[in-house]
Amino acid sequence: MTTRRTRPAPRPPEGTPAPAELARQARAVLADAVRIARWAAAGAAASLPEGRFGGDPTTAPPVAGARERAAAELDLTPDQVRAGWDRARLAGLIELHGGTARPGWRLRAWDRDDMAVLRGWVALFDAWSLAHPAPEDVAPTVVAEVVEAVPQVLSLLQLSAGPVLVPALLDLLQQRVAELREERCEVPYGPRGETQPTAGEPGAPLDGDGDDVPLSVLLDWALEGLAAVGALTLERGQATLTPLGNWAVWVKLEQICVAAQSPAGNIEQSAEDMLRGCARLTPGPARAEYRAWLAARTVSSAVAELLAVARGEDALLRGLAFEALRVVGAPAEPEVRAAAVEPSLRPYALLWLAEYEGADPEDAAEVLTREEATWLWVDTAAAVADHGEPQLLLRHLDSAIQGTVPALIEEVRVGGHPRTVQVLVALAAAHPDPALAKAVRRAAFQVHTGGV
């Protein structure tokens with residue numbers, strides 16, 4: 001038997017301020033965002049649809065004069081209102097539910113909970129590229145490369161424990177982008193077939209929708225974005241991490257070390273294999289395993305992989321995939337909302353969204369129609385039949401909304417679930433009442449032969 005080796009978690013950087021001091025600095029960075037969020041929460045505006053203060057006005061009808069009214073009442077410029085509104089959303093101070101904005105839990109805890117403040121600032125730090133949009137003439141794939149390379153830039157800044165000249169950061173960024181492209185086996189092309197310097201060479205351009213964008217321009221954009229959220233300072237051609245930025249990089253390193261110490265050893269597995277491993281765990285250890293697995297991946301790739309598993313044939317993994325998505329939380333909301341149009345995922349997605357929007361888990365099922373609840377009952381029964389004991393399937397009967405076995409059978413028969421026959425056969429085999437078991441078997445035969 002081998003012993004799993006783990007790395008010790010990194011120690012906070014020497015001289016890191018106490019959490020209370022870090023929280024004070026985070027409150028200062030987000031001061032305008034908090035004022036705007038409280039202005040909205042106090043009823044100065046009953047409904048704040050997306051696009052009202054900022055963003056693309058074509059995506060939602062802006063309310064006339066809202067930005068100007070907020071600016072006047074809060075003694076801010078309209079641009080400051082727009083920026084503060086975006087930050088409030090990214091930091092979780094404001095949550096959008098349909099077309100209405102509501103105060104987030106962090107706003108309610110802002111004055112009394114330093115950790116809530118720090119988590120809110122870290123959420124903004126993670127979203128720096130959204131808070132400070134990239135130049136419009138750069139292709140999204142190029143922007144993604146730079147965003148993916150920025151953690152190496154931040155690591156260098158932390159290791160240096162002081163100012164770092166921008167040319168040194170540019171050199172590192174060029175090397176990292178070159179590595180990313182090499183991993184994807186990409187070959188650089190010039191605008192008209194000319195030979196171009198590779199990404200690791202000085203002055204190497206990045207192609208963006210027909211225009212060559214020097215990597216130095218995108219480095220400036222990244223540094224300005226990180227400075228805008230309070231992670232670093234820029235002056236005299238050099239960058240320096242702020243205490244908040246230094247602490248945030250340490251937090252990310254600690255998360256990587258925690259991920260490397262995945263309790264059940266599933267950190268390097270695919271989503272499917274990780275979920276199969278978690279099927280044997282109780283909820284607490286399973287959530288710890290989900291967190292470790294997620295910490296080692298980008299949010300977008302992890303969510304996509306979990307949803308791909310959920311689309312498979314194994315109903316047990318479908319349910320576990322959405323449990324893992326609950327650990328992801330808010331960053332998964334757009335993808336889960338989009339998945340709600342898929343029949344096989346819809347009940348799970350609707351329950352996830354209801355809980356995300358604040359519904360008690362015990363009451364969340366009320367968002368499902370009777371047909372959706374019946375489909376979910378069959379899907380869960382399929383998971384039990386495939387992986388559980390017959391007694392569990394009988395216990396599962398109690399969760400059906402129909403109340404009686406004959407009523408359940410009648411609705412299951414017309415529900416259209418692909419596993420209906422197998423579930424009815426398994427239920428008939430497990431049920432102790434011969435008459436009910438016979439009725440269930442008859443229903444299974446009718447579904448199988450198309451006699452519904």
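Let's start with the second largest pocket, which holds about 900 Å³ of space. Keep in mind that this is a predicted model.

What lines this pocket? There are 35 lining residues. Closest to the centre are Gly319, Glu323, Tyr348, Leu376 and Thr380. By class, the lining has 23 nonpolar residues, seven polar and five charged.

Now to the helix pairs. Take H21, residues 420-430, and H22, residues 434-448. Their axes lie 8 Å apart, at an angle of about 160°. Angles over 145 degrees count as roughly antiparallel, so H21 and H22 are roughly antiparallel to each other. Their crossing is left-handed. Who makes the contact? On the H21 side, Thr420, Val421, Leu424, Val425, Leu427 and Ala428. On the H22 side, Ala437, Val440, Arg441, Ala443, Ala444, Val447 and His448. That contact has ten nonpolar residues, two polar and one charged.

Next pair: H1, residues 19-29, and H6, residues 114-126. Here the axes come within 9 Å and cross at roughly 50°. That angle makes H1 oblique to H6. This crossing, of H1 and H6, is left-handed. H1 brings Pro19, Ala20, Leu22, Ala23, Ala26, Arg27 and Val29 to the contact. H6 brings Asp114, Val117, Leu118 and Trp121. The class count for H1 with H6 is nine nonpolar, no polar and two charged.

Key: Residues numbered from 1 in each chain as written. Predicted model: local features only at pLDDT ≥ 70, side-chain atom pairs only at ≥ 80, totals over all residues. Heavy atoms only, no water. Axes fitted to C-alpha atoms, helices over the stretch in contact; angles between N-to-C directions. Helix = DSSP H or I, 4+ residues; strand = E, 2+ residues; numbered from the N terminus. Parallel < 35°, antiparallel > 145°, perpendicular 65-115°, else oblique. Left-handed = near helix turned anticlockwise from the far one by under 90°. Contact = heavy atoms within 4.5 Å. Nonpolar A, V, L, I, M, F, W, Y, C, P; charged D, E, K, R; others polar. 1 Å grid on protein atoms, 1.4 Å probe; cavity = no way out; pocket = protein on both sides within 12 Å on 5 of 7 lines; lining within 4 Å. Points joined across faces, edges and corners; volume = space filled by probe spheres on them.
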